[in-house]
Amino acid sequence: GAARLHMLCARSYAMLGRRREAAEQLRRAEDARVAGSDELHDEIGGEFAFRSAKERYYAAVTHLHLDEPASAIEAARESLALYAAGEPENRSYGCESMASAHLTVAHIMEGDAAGAEQAMAPILALAPDRRISSLGATLSTGRELLASRPGGQQLARQIESFCAVGLPQRARHAISDRSGR
C-alpha cells in the first residue's frame, strides 16, 4: 500500500513539474517495496494488488511527465517483462497496454520511430472492446508528437484510427440498434 501511495505521489509531483519531490517519492516507493509486504496488497491481491510490474508501469508514466524518455523506456520494458513472466491471473491487459503506450510515447520523444512502431504493435492488435479510455488519451499525446515529426505521419494515422474505434463506438451502436435509430 505504501509503495502505491508513493508512486501516485511521484506521478502527481511529476505532472506538476516538481522533479525533486517526484524523485524522492520514487525512492520512497522502492524503499516501501523492499521493506516488506502487507496483507491487503500483497497477499489478498486481486484488485488491490500492486506488484512490481504495476510499480514499474507507474514509474514509466512518472518519467514521461518528467521528460525523461530513456528512464520511461527502461521502466516500461521492465513492466512488460514482469507482466509477461508473471502468473496469468496476475496479468492486467489494461496495465500492460498502458505500459506499451508509455513505451511508444517515450520512443517518440527519443525520435525512435522504429521503437515506437514496435511498441505500438501489441496495442494495435487489441480488439475494440479492450481499448480503455486512458489508452486513447495517452496515445493521442503520442499522435500529436508524431504528427509534428518527419516520417511520423503514418504511425500518427494508425494511432488516430485506433483511437476512433473502441468501446464507446460499440456502445453507441448498441444504443442506436435498440432504439431503432
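Here is a short walk through this structure, stop by stop, with something to select at each one.

**Before you start**

This is a predicted model, in which local features need pLDDT of at least 70 and side-chain atom pairs count only at pLDDT 80 or more, while totals for chains, interfaces and linings use all residues. Residues are numbered from 1 along each chain as its sequence is written, and side-chain values use heavy atoms, with hydrogens and water left out.

**Stop 1: the whole chain**

Show the chain as a cartoon. You will find ten helices and zero strands. Helices here are DSSP runs of H or I with at least four residues, strands are runs of E with at least two, and both are numbered from the N terminus. Of the 181 residues in the chain, 38% are buried. Buried means under 20% relative accessible area, exposed means over 50%, and partly exposed lies in between (1.4 Å probe, protein chains only).

**Stop 2: the core**

Select Met7, Ile123, Leu135 and Leu139. These are the residues with the most contacts inside the largest nonpolar core, which has 38 residues. Several helices each supply at least two residues of this core, among them H1 (2-15), H4 (52-65) and H8 (133-147). A nonpolar core is a set of buried Ala, Val, Leu, Ile, Met, Phe, Trp, Tyr and Cys residues joined through side-chain atoms within 4.5 Å. In soluble globular proteins, nonpolar side chains tend to be buried together.

Stay with methionine 7 for a moment. Which residues does methionine 7 contact, leaving aside its neighbours within four places in sequence? They are Leu26, Ala29, Phe50, Glu55, Tyr58, Ala59 and Thr62. Contact means heavy atoms within 4.5 Å.

**Stop 3**

Next, select tyrosine 57 and tyrosine 58. The structure holds one aromatic pair, and these two tyrosines form it, edge-to-face, with 5.3 Å centre to centre and 80 degrees between the planes. Rings of Phe, Tyr and Trp (its six-membered ring) pair if their centres lie within 6.5 Å; planes under 30 degrees apart count as stacked, over 60 as edge-to-face and the rest as tilted. Tyrosine 57 is buried, with a relative accessible area of 11%, and tyrosine 58 is buried at 11% as well.

Arginine 11 lies over the face of tyrosine 58, at 5.2 Å from the ring centre. A charge sits over a ring if NZ of Lys or CZ of Arg is within 6 Å of the ring centre and within 35 degrees of the ring normal.

**Stop 4: glutamate 96**

Move to helix H6 and select glutamate 96. Is glutamate 96 buried or exposed? Glutamate 96 counts as buried because its relative accessibility is 14%. Not counting residues up to four places away in sequence, glutamate 96 touches Leu80, Tyr83 and Arg91.

**Stop 5**

Finish with aspartate 129, in the loop between H7 and H8. Aspartate 129 is partly exposed, at 40% relative accessibility. Draw a C-alpha to C-alpha distance from aspartate 129 to valine 165: the two are 36 residues apart in sequence and 9.0 Å apart in space.
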